[in-house]
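Subject: Structure for you to look at

Hi,

Here is the structure I promised to pass on. Please open it alongside this message, and I will go through what turned up.

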Amino acid sequence: MFVQIKNLQYQYKNSTEPVLKDFSLSIEQGEIITILGESGSGKSTILRLLSGLETPKSGSITINNHLIFSGHHVMPPEKRNVGMVFQDYALFPHMTVEKNIKYGLKKMNRREKQKRMEEMLELINMTNYKNRYPYELSGGQQQRVALARALAPAPSLLIFDEPFSNLDANLQIKIRDELRGILKKTGITSIFVTHDQADAQAIADRVVFIEKGVIKQVGKPEEVLGC
Ligand code: ADP
Ligand code: ADP
């Protein structure tokens, strides 16, 4: 399995109850997973443990055969090769599309950066937009640039925290289909978290439904929650 999350336990310091008591999940390479659950069910916490913003009390995480966490071993966030896309895109407003996409490519030389940036623009079908600023783009285009920026450094795993929640309903449907198409083209492994059942089912290969940090159902979109 490409991602193995085993027996994670986590409790916030100022809280009386653990958010996760024994959370395990395996993900295949190239799979798109959505973690579906109500607000407060522990979705963001799972993402924070994967990205390294929080450290589990016990359990283990491996990604692509690299040990991210186990007992005393904690790999620093910047070494994990986990990319993130947030709900508000978080594009840098004072940077063009080109600069935004190149931002995470610090280790490459100028030519490599240029090449990678052009590849990403082609992937999101926005080759003519590299000199635009975020405010000159539609919501959907901004979302695609945010995706291109996250994909540019070739992360092993891409995670999305409620990426559609700021979009209106029509755009939401269009964007999630586009996103799914782009992700499948690249073959990247990804995890989405959402509280929206329709979103979860539209984008995922497999839906993981959680309540209070516990997996209640897991399966193909049409199998979970009887849809
Ligand atoms: P979700 O992303 O599904 O909305 P979270 O992972 O944010 O859920 O939260 C899970 C639980 O942990 C909730 O009960 C929430 O109130 C609690 N929680 C989240 N962040 C913190 C924190 N920094 N300190 C204490 N409790 C927290
Ligand atoms: P939203 O889902 O509206 O974005 P979150 O539930 O993710 O909000 O919480 C936003 C921030 O507040 C996060 O950093 C989270 O860790 C923190 N937080 C959430 N619940 C608690 C809590 N019970 N105590 C302290 N901090 C919390």
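How many aromatic pairs does the structure hold? There are four aromatic pairs, in what is, please bear in mind, a predicted model.

Let me take two of these pairs in turn. In one of them, the ring centres of Tyr 133 and Tyr 135 lie 6.2 Å apart and the planes meet at 20°, so this pair is stacked. The cut-off behind that label is that planes under 30 degrees apart count as stacked. As for solvent, Tyr 133 has a relative accessibility of 31% and is therefore partly exposed, while Tyr 135, at 65% relative accessible area, is exposed. Phe 160 and Phe 192 also make a stacked aromatic pair, with 4.0 Å from centre to centre and 0° between the planes.

Now to the ligand. Which pocket does ligand 1 take up? Its space is the second largest pocket. The residues around ligand 1 include a run you can follow by eye: Glu 38, Ser 39, Gly 40, Ser 41, Gly 42, Lys 43, Ser 44 and Thr 45. Tyr 12, Asn 14 and Val 19 are also among the residues around ligand 1. By class, this shell has seven polar residues, two nonpolar and two charged.

- Thr 45 places a polar side-chain atom 2.5 Å from an oxygen atom of ligand 1.
- Ser 44 has a polar side-chain atom at 2.6 Å from an oxygen atom of the ligand.
- Ser 41 contributes a polar backbone atom, with an oxygen atom of ligand 1 at 3.1 Å.

On its own, ligand 1 would expose 560 Å², and the protein buries 61% of that area.

Happy browsing, and do write back with any questions.

Best wishes

Methods
Residues are numbered from 1 along each chain as its sequence is written. Chains are lettered from A and ligands numbered from 1 in the order in which they are written. This is a predicted model: local features need pLDDT of at least 70, side-chain atom pairs count only at pLDDT 80 or more; totals for chains, interfaces and linings use all residues. Side-chain values use heavy atoms; hydrogens and water are left out. A residue is near a molecule or strand if one of its heavy atoms lies within 4 Å of it. A polar contact is a pair of N or O atoms within 3.5 Å; within protein, one must be able to donate a hydrogen and the other to accept it, and residues adjacent in sequence count only if both atoms are side-chain atoms. Accessible areas come from the Shrake-Rupley method with a 1.4 Å probe; for residues, only the protein chains shown count as cover. On a 1 Å grid over the protein atoms alone, a cavity is a set of points where a 1.4 Å probe fits but cannot get out, and a pocket is an open set with protein on both sides within 12 Å along at least five of seven lines; lining residues have an atom within 4 Å of a point. A molecule sits in a cavity or pocket if more than half of its atoms lie within 2 Å of its grid points. Ala, Val, Leu, Ile, Met, Phe, Trp, Tyr, Cys and Pro count as nonpolar, Asp, Glu, Lys and Arg as charged, and the others, Gly among them, as polar. Rings of Phe, Tyr and Trp (its six-membered ring) pair if their centres lie within 6.5 Å; planes under 30 degrees apart count as stacked, over 60 as edge-to-face and the rest as tilted. Buried means under 20% relative accessible area, exposed over 50%, partly exposed in between (1.4 Å probe, protein chains only).
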